[in-house]
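Work through the two exercises below with the structure open beside you. Try each task before reading its solution.

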Amino acid sequence: MNRRLRAVLARLAQALPVILGVVLVSFLLTRALPGDPAAYFAGDAADAASIEETRVKLGLDRSMPEQFGLYVLQLAQGDLGQSLTTGQPVVEELARRLPASLELTLVALLVSCGIAVPLGVLAATRPGSWVDHACRLLVTAGVSLPTFFTGVALIYVFYYLTGWAPSPLGRLDFIYLEPPSVTGFFLIDAALAGDAETWFAALRQLILPAATLALFTLAPIARMTRAAMLSALSSDYIRTARAAGLTSRKILFGYAFRNALLPVVTTLGMVFSFTLGANVLVEKVFAWPGIGSYAVEALVASDYAAVQGFVLCMALLFVALNLLIDLAYSMIDPRIGFDSK
Amino acid sequence: AGDDVVVVVMGQTINSLDLHRTGTNRPSYQVAVNCYDRLVSFGTKTMPDGSLSYDYSTIVPEIAESWTVSDDGKVLTFRIKPEAVFQDGSKVTAQDVKWSFDRAVSVGGFPTTQMAAGGLLRPDQFAAVDEATFTVTLDKPSKLALPDLAVPVPFILNSKIAKQHVTDADPWAMEFVHKNTIGSGAYKVVRWDPGQQLVYERNDLWTGGPLPGAKRVVLREVPSQATRRALIERGDVQMSWNIPNKDASELDGKVEVYSTPIENAIYVVSLNYNFEPFQDPDVRKAVAYAIPYEEIFKTAAYGRGVPMWGGSGIETIDWPQPSPYVFDLDKAREHLEKSAFAGGFDVPFSIDLGQSDWMEPTALLIQEQLAKLGITSTIDKIPGANWRTASLVEKRLPLALETFGGWLNYPCYYFFWAYQEGHLFNSSNYANPEIEQLVAETLDLPVEHPDYAPKVKRMFEIAFEDLPRIPLFQPALSVAMNGATGYEYWFHRELDARKLAKG
Amino acid sequence: MNTMTEIPTVAEPQAPPAKSKGALDHVIYVLKDNPVTLLAFAMFAVLMAAAVLGPALVPYDPLATNASEALQPPSAAHWFGTDNLGRDVFSRAIVATRLDLLISVAAVALSFVIGSVLGAAAGYWGGWLDVALSRVLDTIMAFPLFVLAMGIVAAMGNTIENIVYATAIINVPFYARLVRAEVNIRREAGFALAAKLAGNTDVRVLAMHIFPNALPPMMVQVSLNLGWAILNAAGLSFIGLGVRPPTAEWGIMVAEGANFIVSGEWWLAIFPGLCLMFAVFTFNLLGDGLRDMVDPRRRT
Amino acid sequence: MLTIKDLAVSFRTRRGEVNAVRGVSFEVAEGETLGIVGESGSGKSVTSYALMRILDAGGRIKAGEAVYSGVDLKRASEREMQGLRGREISMIFQNPRAALNPIRKVGHQIEDVLRRHARADAQNARAKAIEAMEAVKIRDAEARYDAYPFELSGGMCQRIVCAIALACDPKLLIMDEPTTGLDITTQKAVMELVTELIRERSMSSILITHDLGLAAQYCDRIVVMKDGAIVEAGDPVRLFARPGHPYTRKLVDATPREGASIRELLPAEVRTPEPPRRISDEALLSVRDLVKTYAGKSGPVHAVKGVSFDVKAGQSVGLVGESGCGKSTTSSMVVRLLDPTSGQILFAGEDLAKRPSAGFARDPMRAKIQMVFQDATDSLNPRHTSRQTIAEPLRAMAGLRGRARAERIEELADLVGLPRPLLDRFPHQLSGGQKARVGIARAIAVNPDFLVLDEPTAALDVSIQAIVLNLLVDLRARLGMSYLFVSHDLHVVRLLCDHVVVMKGGEIVEQGPTEQVMTAPADPYTAELLEAAPKPPARDAA
Ligand SMILES: Nc1ncnc2c1ncn2[C@@H]1O[C@H](COP(=O)(O)OP(=O)(O)OP(=O)(O)O)[C@@H](O)[C@H]1O
Ligand SMILES: Nc1ncnc2c1ncn2[C@@H]1O[C@H](COP(=O)(O)OP(=O)(O)OP(=O)(O)O)[C@@H](O)[C@H]1O
Ligand SMILES: [Mg+2]
Ligand SMILES: [Mg+2]
Ligand code: NI
């Protein structure tokens, strides 16, 4: 256990330069964005003097190193600054929007795993068969369409034409009240509050965007599951297990699948962080108040604090996620943390 | 949704409840309209299509009961309605007005600039004579002063509450007002989820006019315009704000669509005088003749708005009015041949990413025709933050699409902003001494003055001859309604929910 | 030669007669081997044909507008209909092939080269170089990649080159990591040591012996990335940061067309969307075939 | 008990059908141990998998019969087979570490089998599993129960595999190369253990191996397989004394054994006299106090702790010792692929240890010291044809180009007996012996004075090993090279080397002339190594 703790600490230490790097790069990137935020935010009829005034107010009149120093200082106090586009402190905004994005992404991944993993296993048990080819074609088709296109198409069919889906108005239709915020995840909060109606309403809102994302993430998960299962199934210990008379079920799930889980978990982590960053487009289509759409707006408006805050938040999430994966890894694989590699 | 809840969708986000704040964006101005009162307001008229519009020609009371103008035109005295109360029930006093006006001229940025347009420059111009009497003293008489008090900027805050939130660093309670509405207006904001929704609830204590029919107005932000269209068409929302022209023309008939030409506004092609070829008057004319106006009006505006080409002489002082130019490639070629750039030239053609719904097709159509003259243009989409800087602040775009609409509906006001040297919306770097003089002379001159019309017509003439801005068409603000009534058009182009009702 | 050299040959179990085949035969073999791969290569051939011959084949000028024919549904004259400016969608979709392939191939080639060099160096020499490079790559990965691409394009301007650079940068870490791992496991492999013994310098061992062996898994990555690169460009277009109009590009066409779906002009988005899907699909399917082609072990 | 008649197994592959087993018949009586020998790919494993019905997908029993105690193994349902496996027939595989599920505690893996065959329930599973572990002589079984395979040594893992196989008291045990991949001393211990258990429980068993010596030592009867068919069967003594089939004879001949010379490993028809050679008195290579300490993750690893030995010009020195004793590390330092921590490597009077290995590729000495690697497959670049592989040193060190190079490559191919058409093949298209030749050709391409051979035959079948060893003998005489021959197999070393160095734990425990060390080992460890090697029965002079 001690050893594992040390491994975790070592991981965290490794993440430190990454976070520093992200802070620096995001700072430089935002300053490289074209446009003058002072002019943008001084308002519609602002003249040169009021733009200058705004610039001073925003602290943009200082030199770059000075600005960076101030930024880091603020950061150290946990202050990410204030977004100019939305007029809210970035921290608050992220805290409200992150759960929305996470909820969407997690549900999408859950759905995706629910489909892709069985497909991958199925394909792996019959490699080269038509089932295998069909699975491959299916999941590849899913990853071949841009998400915003899938999203709009789904809305057209399931909302506009048939009316089966609820109006794509974000996380909850306006007739429902948000459940009291505990985790920020509506499904969880509604369940905690015991409010079945809101729970279903939130779920209904999730279906289309989650399906859009899920469709996009099927391929990597299914492919990796298939590959991992194939290599697990062809390994020696499976032969041993078969020779010992274990049932096919036990062999497939107890032996092969658990071993195949390792690479699948890695892929899942990558897919997760990728999806979280990429659901920008889906969020826009479904009016989902997540961090992705926040970032896009901020970026287009050269809203420094918001962009920096978003990037930092994602980087922290990325680091946390990797840590989580490592932990999951060491739970699944006892070899981790020892000098085995 | 209940019977008295109206749901409105729009694409843009509201970023503050305080119009005075630095960085407050346009959509947020509606909060000043709906949740606050001003001393006076514009009247309402019914348009030919039955929709409502504000009426620039009449000024009506809002929180002021009555007002008088001194003989020299320099002192305006307002009497405040005795029954006027803020949302917390406290009386609206002249002190509140004074504090609010002081705030508007002191915070800097847009509110201060807008106040200045009406000659309202310094706190010492405002005085609370007693609880119910408030005076404004102008440096010189101006026809713009009273209308400028009817725009959203000089809204009246509850200074007693605001002062509780004043700090040394924040003498105008910006932080507090940013997140709270402390007005006497028709609505109060009961919920604001930035980036998602704004919920208005009717203020039953309102005295500024007849109580709104809708008890609640829910404003939802839906970035995707396709989604917004689906929503309004299916009737899941009652109002879709600022819909694209295409949707407007297609939805017309299916749902209620109001397209109101925006007063004092034109979509133009801006030719920058700092760019050498455009210093040549023949090149500018060549461009003006090479613009396929009809096609643009059809594909970019879908016929919504008012054509601004092919005019047959300046007869009125209405602004905007059609330019004398039409699409005529032969004439364009003639002009270009006369110029020093007969062989054509290369020029970047800049458009705003945020307005690409009309700018992109327009630019493409113009680009295609210019190419026939040998003028090679490359289309540059500039994202929001950079657009203002590049086009208005630095004024460095050689060829760009532009739009400007003056809140105060006077031609001289428009020219003041868009044709005077160094002024913000003069993105062409246009400088003409005669125009400078004419604007200075007409700006404060009453419209009825006999000198006014000839001078303004002369301005039009010069503008059409010099062509720093080639008018394309007067845009329209389109709003779709499905299951609600009471839409009123305002020059500020933001939602006025005070007459909204379900049905 | 003398007797002793003949001794061993006698007892050697005879291998089947050597059939040394050329590279082309190998390609044909791989294609025949797997129907899906064959399909993928056939689709790829179609794409290439469209890219090379496209402009010559299309019935209309892809840039010519015609307001009187705007938004026409598909017909015999306009197979894919026309767009809001009356341009022929079919012509635009076909002509776009070249640019889209160019963007994706250029971006992938760039990230392939940069990623390979960085990854190979880190994997082979290890030590502080590895640590430093790994941290830099981690930093890139820690960015939400699509947003990073957006930022780069927004900062540098939305030219085709910048879209290519942005796409390349966000893909570099994937290649670098892959190559690093592949090189690392082969660093101590017998053939690498043997190559050193044969008088090769480290750089040469790395470049000529170790790196080529990392190619098979790289090929899968390449093919997946080709697809992603197109989708990435499409996403940028959706945000408004794609290539400049009036250039025909699938992503822009889909992104703009998506706004017309609800109003019933489905053909604007569907057809370019199908082209896009066709290309991404082709690339994704291509992976295994490509891997088999560069894998000498699959040769017979 | 088990009767197999005309068993034929085929695989469906992309390149058509592969007939892996073509009509094999044998019987195993109660309490009997049957050996199946034959070279790699002869169908030994496939036969046993067919019995267990655990063939890979695509494999099927095409014809023939297999009956176990009245059960028709060919027609039995999968359910019946699952009941039979583990309970009636069990199997042990080679490479024990890989044969265990890497992420499941070994105790649980044993439990799985026990519970599957209802030999234990949830309550007593642990106790029974520990019992099974004790039965295979695992010390401290209680503690080992919670261990994962990677925490156990190879020998220990093989014991666990045995425990799994024997947990349910099967009647028939199939062992597929149970000792390959294990240390020579561990090999012996495992075989000893298994035979003892078999005897105790009076089980029947099948031992599959390519090592005739091993089979002879432990089996009652042996069948010899070649190309999917049985060529000969009989009791081991008879087989060794009078091999009936030429193939059997070849195998018997090629098995290294006491008293046989290196030429005697080859079939009589192709034997030529051993060429004479000269050993000078001068030391070509002198290793002095060589030390290598690795910075391991958990503290320094002292791989080599000060070894000293000499190799004279023309002499062959054997370096023996069990796995991990530092043989490869030593040889890597000698060929200058690795920098020693301290010590000297004097080659022709110059101290090479002073020249960093990183830049040694450009050193003129590079061409003088070459190496042949343990695993021929691993040492050939899978993307290079044999021709490209051999060309590599010629290009880099001899600077040969074009025609001259092509000629030299063909000359080398002839020299090592590699048929010229094979020059354009890729490694995976070559057999093990052929790959070994390519590796040797590459090593001798630039006429080195000194050749390090790191277990060059460890991955080869005995018959091919015999050929390669003889090739090395010939080349040594012809080119006047000196060898440092690294091996764990004393018998092989004896055949080739004049001098032996025995290592243990990074240190030299004994060195001296081969005959002396082999006949009268001074160190007990040397004796142990000698003892552990399988001893095939004597054979008649053919
Ligand atoms: N899954 C399979 N598909 C196709 N061919 C196979 C398969 N498994 C084995 N073979 C073929 O069957 C033949 C016999 O293989 P088998 O594994 O029985 O050899 P072996 O005698 O056990 O050799 P070794 O000593 O190397 O283990 C080989 O030629 C092999 O190529
Ligand atoms: N790079 C390394 N880092 C740390 N320890 C090492 C390294 N290489 C080898 N060792 C250790 O050094 C010791 C000697 O290894 P070496 O490879 O020389 O053994 P060997 O005698 O060749 O064994 P085998 O017969 O298995 O090939 C072993 O304990 C090994 O674990
Ligand atoms: Mg075998
Ligand atoms: Mg070794
Ligand atoms: Ni051996």
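This is a predicted model: local features need pLDDT of at least 70, side-chain atom pairs count only at pLDDT 80 or more; totals for chains, interfaces and linings use all residues.

**Exercise 1.** Which residues surround ligand 2, and which elements give two or more residues to its shell?

Solution. 
1. List the shell: ligand 2 is surrounded by residues including D:Tyr294, D:Val301, D:Gly324, D:Lys327, D:Thr329 and D:Glu455.
2. Sort the shell by class: four residues are nonpolar, five are polar and two are charged.
3. Look for polar contacts, using a cut-off of 3.5 Å between N or O atoms. Oxygen atoms of ligand 2 lie 2.8 Å from an N or O atom in the side chain of D:Lys327, 2.5 Å from a polar side-chain atom of D:Thr329 and 3.4 Å from one of D:Glu455.
4. Find the cover: ligand 2 taken alone exposes 640 Å², and the protein buries 60% of that.
5. Assign elements: strand 12 (299-312) and helix 12 (327-334) of chain D each give two or more residues. Helix 12 gives the most, with three.

**Exercise 2.** Which residues come nearest to ligand 1, and what share of its area does the protein bury?

Solution. 
1. Of the 13 residues around ligand 1, D:Ser40, D:Gly41, D:Lys44, D:Ser45 and D:Val46 come nearest.
2. Backbone N or O atoms lie 3.2 Å from a ligand oxygen at D:Ser42 and 3.1 Å at D:Gly43. At D:Glu177 a side-chain N or O atom is 3.0 Å from an oxygen atom of ligand 1.
3. Alone, ligand 1 exposes 640 Å², of which the protein buries 66%.
4. Helix 1 of chain D supplies the largest share of the shell, three residues.

Methods
Residues are numbered from 1 along each chain as its sequence is written. Chains are lettered from A and ligands numbered from 1 in the order in which they are written. Side-chain values use heavy atoms; hydrogens and water are left out. A residue is near a molecule or strand if one of its heavy atoms lies within 4 Å of it. A polar contact is a pair of N or O atoms within 3.5 Å; within protein, one must be able to donate a hydrogen and the other to accept it, and residues adjacent in sequence count only if both atoms are side-chain atoms. Accessible areas come from the Shrake-Rupley method with a 1.4 Å probe; for residues, only the protein chains shown count as cover. Helices (H or I, at least four residues) and strands (E, at least two) are DSSP runs, numbered from the N terminus. Ala, Val, Leu, Ile, Met, Phe, Trp, Tyr, Cys and Pro count as nonpolar, Asp, Glu, Lys and Arg as charged, and the others, Gly among them, as polar.
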